Amino acid sequence: MAIFLAIYIYIDYRYFDKTLKWADDINQPPPVYVGKYDEIVTPTYKALRHKTLTIQQITQLNQNILWAANAFPAAVLILDKNFIIQWCNRNAKTLLGIDSKKDIGYKIFNLIRWPEFYQYAYKGDWQKPYTTYDERDGRLYHLKFEFTRYSTDNILLLCFDNTQLESLRTTQQDFVANVSHELRTPLTVLTGFLETLRDLPPEAISPEQRVHYEDLMHEQAERMLAIVTDLLTLSTLESTKLANQQSVPIASLIEQAKRQTEVLSKGQHQLSWSINPTLSVSGNAHELSSAITNLLTNAVRYTPANGQIEVFWGLAEDGQAIFSVKDSGLGIAPSDISRITERFYRVDKSRSRASGGTGLGLAITKHIAIRHNAKLMIKSKLNKGSTFSLIFPKENITSL
Ligand code: ADP
């Protein structure tokens with residue numbers, strides 16, 4: 001009995017000792033068997049493992065949320081109920097100059113000091129966002145702020161960079177204003193003539209005068225039609241993909257445009273043509289034809305009588321295909337060159353209108369070039385002349 005008891009006490013002591021050693025670092029796997037102590041060790045270890053796994057998952061989730069908030073394309077700030085910054089992402093620095101390393105713990109109004117922002121935040125009516133302009137690092141930003149109280153003690157503040165959206169809106173507004181202005185002038189003239197014809201007794205105007213008025217009215221109506229047609233062309237170019245692509249023999253398109261150019265020039269210009277008859281590029285024949293016609297008619301319209309116009313279609317030294325129109329006309333000042341492809345931009349409005357221009361020709365030509373992976377290059381010197389070129393990459397050439 002005594003021996004048995006001694007053995008039992010010894011074994012039990014060993015198990016207890018093993019259990020104690022494990023208890024020193026309970027993150028280690030427990031001993032394989034520790035007798036009755038298994039009943040403590042096994043559930044403790046299981047509960048511990050479960051907790052450790054849960055903590056790891058929560059830490060990972062936390063980390064993911066932080067990464068996502070940092071990658072969010074807006075400034076994200078967490079504020080307490082007194083507007084003290086608790087956390088902010090990287091974009092808070094770009095958009096608002098708020099640094100997550102230095103500025104945590106400061107009141108937001110110490111860093112964003114616009115009085116209207118302060119009033120908006122304290123008013124607490126955040127249904128509509130707060131928007132403002134701000135200049136940072138030499139750039140003007142249009143910012144949109146949104147406050148959300150997401151718990152009794154915390155506020156989420158988002159700040160979006162709306163600069164691009166705003167400039168798109170302004171461009172759209174300018175465009176509508178431009179179109180209205182362009183159509184208003186011929187409409188006013190047309191209405192004026194119609195009123196005159198309606199209000200005057202028939203005997204007050206001679207048949208010749210009547211014909212003259214009708215001609216003028218027709219001219220204005222044609223001008224409006226030209227503007228609307230060009231606008232529709234532009235809108236189609238902007239909203240559709242390039243269709244009906246085929247190998248286009250540019251020489252035959254130039255041949256058609258040549259006749260139109262000669263009619264417009266009325267023999268007043270010296271025209272010379274250097275055309276490669278076999279060089280073709282892939283594209284839409286209708287679109288390429290209008291780009292070519294646009295550049296040729298512009299050369300005639302902006303080159304005074306006796307000027308020269310040289311037309312080239314062929315390969316450049318680097319293997320690209322070039323259509324160029326060089327004129328000895330009015331030329332364009334450097335400050336205007338970058339703008340003449342904008343819709344309705346004209347250097348000389350009255351000259352453009354007098355020759356039937358809509359101010360949309362180069363915008364259309366540029367769009368067509370972009371759709372064909374080509375470039376519209378403009379070189380010009382005021383009072384010396386201009387060269388407009390369409391440059392097609394080698395990959396577009398379908399026959400040499
Ligand atoms: P428009 O219908 O007014 O000609 P475009 O878009 O074709 O419209 O051209 C825009 C402006 O660019 C013209 O009003 C003109 O001032 C200038 N321009 C275009 N082509 C030439 C050229 N060959 N020489 C001088 N100026 C030109």
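Analyst: Let's start at the turn. Strands β9 and β10 form a hairpin with five residues between them, and there G319 takes a positive phi near 90 degrees. Strands, like helices, are DSSP runs numbered from the N terminus (E, at least two residues, for strands; H or I, at least four, for helices). Keep in mind that this is a predicted model, where local features need pLDDT of at least 70, side-chain atom pairs need 80 or more, and totals for chains, interfaces and linings use all residues. Numbering runs from 1 along each chain as its sequence is written, and side-chain values use heavy atoms, with hydrogens and water left out.

Now follow the strands away from the turn. β9 (residues 308–315) and β10 run antiparallel, joined by seven bridges; strands count as paired when DSSP finds at least two bridges between them. Across this pair, W313 has F323 of β10 as its bridge partner. β10 also runs antiparallel to β12 (residues 385–392), again with seven bridges, and V325 is partnered there with F388 of β12. So how covered is β10? Of the seven residues in β10 (321–327), six are buried, meaning under 20% relative accessible area; over 50% is exposed and in between is partly exposed (1.4 Å probe, protein chains only).

Around the ligand are 19 residues, of which Y302, S352, T358, G359 and L362 come nearest; to be near, a residue needs a heavy atom within 4 Å. Some polar contacts (pairs of N or O atoms within 3.5 Å) stand behind this picture. A polar side-chain atom of S352 is 2.5 Å from a ligand oxygen, and for the side chain of Y302 the distance from an N or O atom to a ligand oxygen is 2.7 Å.

F83, with phi near 65 degrees, is in the loop between β1 (75–80) and β2 (85–88). F83 counts as buried because its relative accessibility is 4%. D137 has a phi near 50 degrees and belongs to the loop between β3 (130–136) and β4 (139–149). With 76% relative accessible area, D137 is exposed.

How values were computed
Polar contact = N/O pair within 3.5 Å; in protein donor to acceptor, adjacent residues only side chain to side chain.
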